[in-house]
Amino acid sequence: MDAMTETAPPRTEAAARLAGPLTPLWPFLLLLAIGLAMPLTGNEYWGLIVTRMAIYWVLVAGLNLIVGYAGQLAIGYVALLTIGAYTTSVLAAGNVLPPLPAFAALGVAGLAGAVFGVVVGLPALRLRTFYFAMTTLGFATIVTQITLAWQDVTGGGIGIAGPMLPEPLDTTWGFLYFCLGFAALCTWLTANIARSRFGRALVAVRDAEVAAEASGIHKPKLLVLVFILAGALAAMAGGLFATLQTYITPDAFTFDLSLLFFIAVLIGGRGSILGPLLGTVILTLLPEIAAPLAAWSTFLYAALLLVIVLAMPGGIAALIDPRNRRKLPEHRVITPQPTALDALLGRREVPASLTLRGIVLSFGGVRAIDGVDLEVTPGQVHGLIGPNGSGKTTTLNVISGYYRPEAGSMAIGPAPLPAGEPQGRAGLRIARTFQTPRLIGEASVLENVMIGGTTDGRAGFAEALLALPRQRQEEREFEARARLALEAVGLAGLAEVRADRLQHSELRFMEIARTLMLRPAFLLLDEPAAGLSTEEIRRLGALIRSISRHGTGVLLVEHHADLIFDICDQVTVLNLGKVLAAGTPAEIRVHKEVVSAYLGA
Ligand code: ADP
Ligand code: MG
């Protein structure tokens, strides 16, 4: 403990609250100041370039949540820029309806973008990676074809004039200031999402989908919200783009441009706001600096991408992330502080037991579990042991809703526990860890733990977007609870460290901290002692014991017989998917068949 606190002194709450995708703030302010100072140069050409940068960033800021945070490969996002540009221009020109003022047209474009953002995004709910990428590209092609073909409205290949903003925004510098202000607003909005439970849920869906489900995160709902936001921002960027260009034709919306947006996020790095912002700046500047190479821009992007992927896989964000550099002590000791559980869990009465009756599940011809009965009692530790392949993990997966059993029933007290529905378990206060720890490597340990509390969030997406008081209050509570959970498992000193820098044993304790966020009524642990030292196992045992003493019913799958016999109240032994024996540790220890089949002489 002491060794750990040396490197990471306990931070004040205020300092801790600042920690998030926007810290440090100064690079953002510096970029903004440079933009605002452009009129001093008197160079209108550069004024236009910086304006374009700001407009691109409005789009990339939203796209960043989809690509960088949620990990969805939306490469055809130029489609939404096109939709926004044409919607704004057509409405302002009055081609179909009486002409609208530019700002009203921009607002309508935002709405259209929200709708089409969902349309473009929907395939992501079913298709993975490249298949989704191809659908976004296909959508971009369709949009371009429609703008070409729908001549009466869009002007076809001849194009259409972009909207004019009213005075004083119709000058180079006025428009620059407007775009910079709007870009700053978008930075703030997307950063608010990124550091809310929604942002954490996005990276959880990306890097640890099953853990996200177990924490009650509903991926489709979450993604649709983000598609709405990103679509609206992209379409409004389109409206501003049309204003900047003063005249648009379908060939302004090239595949190169789409690649630029996508690559800006990739070279920026996943799960960062500043990285993709710098990526956008660099990619907008690149053709200007290398003007003679303009014809090579696609090639340049590809080369740059290759270099970055090979040389710094984490992108710019990883380079500038201080969490990567601070050295961690070599010999760290995990010292759980079960006393922290008093503040975290309190003394709860969990009213009823979790029961399984006659559960059967086969994979192909193999009966992985075959008529399992089990009862997990609140306040007790129930050990589930058996040789490899005897169905222990499968049993946990059935309880946590990943598998639907063919026969049998589950209940909490008198209430049936529905099969399937893994996202519903967190709401029922059933938490679990995994045989292989599921973590978000690039997020801090603290953020990883906070994900466990997602289901308790009350502030909605709009509240998070605007960082309204209830949202900020809730974040403070989440963070305080996560710090308590980390203290309880003995990782408080590593809260700010990236999770992928932790040792294996620490990850096991981190997963337990994540489950504690839920104040679980039932806790399912899948081989938590695997890979731990003897001393760590002893501490783990005391921690589990203590958690159960606070009212939680623990189901402990383990191989270490000592741990099981030390801390369990009840033990069930599985063999080939069947219950071989059940009883107290004392009974199991001398059970003939168990001894001969499993424990050895
Ligand atoms: P344990 O956790 O006790 O080691 P498991 O529950 O993981 O055992 O596995 C029980 C049996 O079910 C094994 O024979 C295993 O091969 C099989 N099994 C588990 N999961 C799957 C799956 N997703 N598909 C096919 N077979 C599986
Ligand atoms: Mg297993």
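**View 1. The magnesium site.** In this predicted model, the magnesium ion (ligand 2) is coordinated by Thr 393 (OG1) and Gln 435 (OE1) at 1.9 to 2.4 Å. Thr 393 belongs to helix 19 (residues 392–399), whereas Gln 435 lies in the loop between strand 8 (430–432) and helix 20 (445–450), so the pair, 42 residues apart, links distant parts of the chain (helices are DSSP runs of H or I with at least four residues, strands are runs of E with at least two, and both are numbered from the N terminus). Donors are N, O and S atoms within 2.8 Å of the metal (3.2 Å for Na, K and Ca); water is not among the atoms, so sites may look incomplete. Thr 393 is partly exposed, with a relative accessible area of 26%, and Gln 435 is partly exposed at 34%. Here buried means under 20% relative accessible area, exposed over 50%, and partly exposed in between (1.4 Å probe, protein chains only).

Residues are numbered from 1 along each chain as its sequence is written, and chains are lettered from A and ligands numbered from 1 in the order in which they are written. Because the model is predicted, local features need pLDDT of at least 70 and side-chain atom pairs count only at pLDDT 80 or more, while totals for chains, interfaces and linings use all residues; side-chain values use heavy atoms, with hydrogens and water left out.

**View 2. The second largest pocket.** This pocket holds about 500 Å³ of space. Of its 21 lining residues, the closest to its centre are Phe 28, Leu 31, Leu 32, Leu 180 and Leu 277. Two or more lining residues come from each of helix 3 (26–36), helix 5 (44–69), helix 10 (172–194) and helix 15 (274–289); helix 3 gives the largest share, six residues. The lining divides into 19 nonpolar residues, two polar and no charged. Ala, Val, Leu, Ile, Met, Phe, Trp, Tyr, Cys and Pro count as nonpolar, Asp, Glu, Lys and Arg as charged, and the others, Gly among them, as polar. On a 1 Å grid over the protein atoms alone, a cavity is a set of points where a 1.4 Å probe fits but cannot get out, and a pocket is an open set with protein on both sides within 12 Å along at least five of seven lines; lining residues have an atom within 4 Å of a point. Grid points are joined across faces, edges and corners, and a volume is the space filled by probe spheres set on the points.

**View 3. The largest cavity.** The count comes to one cavity of 30 Å³ or more, and the largest cavity has a volume of about 80 Å³. Its lining consists of Ala 211, Ala 214, Ser 215, Ala 431, Arg 432, Gly 452, Arg 514, Thr 515 and Leu 518. By class, the lining has four nonpolar, three polar and two charged residues.

View 4. Thr 280 lies in helix 15 and counts as buried at 0% relative accessibility. Leaving aside neighbours within four places in sequence, Thr 280 is in contact (heavy atoms within 4.5 Å) with Met 53, Tyr 56, Trp 57, Val 60 and Ala 264. Arg 197, found in helix 11 (residues 197–207), is also buried, at 14%. With residues up to four places away in sequence not counted, Arg 197 touches residues including Thr 454, Gly 457, Glu 474, Glu 475 and Phe 478. Arg 197 and Gly 457 are 260 residues apart in sequence and 7.3 Å apart in space, C-alpha to C-alpha.

**View 5. Helix 7 and its cover.** At 1.5 Å a residue, the 20 residues of helix 7 (residues 102–121) should span 28 Å, and the end C-alpha atoms are 27 Å apart, which agrees. The expected span is 1.5 Å times one less than the number of residues. Among the buried residues of helix 7 are Ala 105, Leu 106, Ala 109, Gly 113, Gly 117 and Val 120. Their cover includes helix 6 (78–93), helix 8 (129–149) and helix 13 (219–245).

**View 6. Backbone features in loops.** The peptide bond from Glu 167 to Pro 168 is cis, with omega near 0 degrees; Pro 168 is found in the loop between strand 1 (160–161) and helix 10. Glu 421, in the loop between strand 7 (415–416) and strand 8, has a positive phi near 55 degrees.
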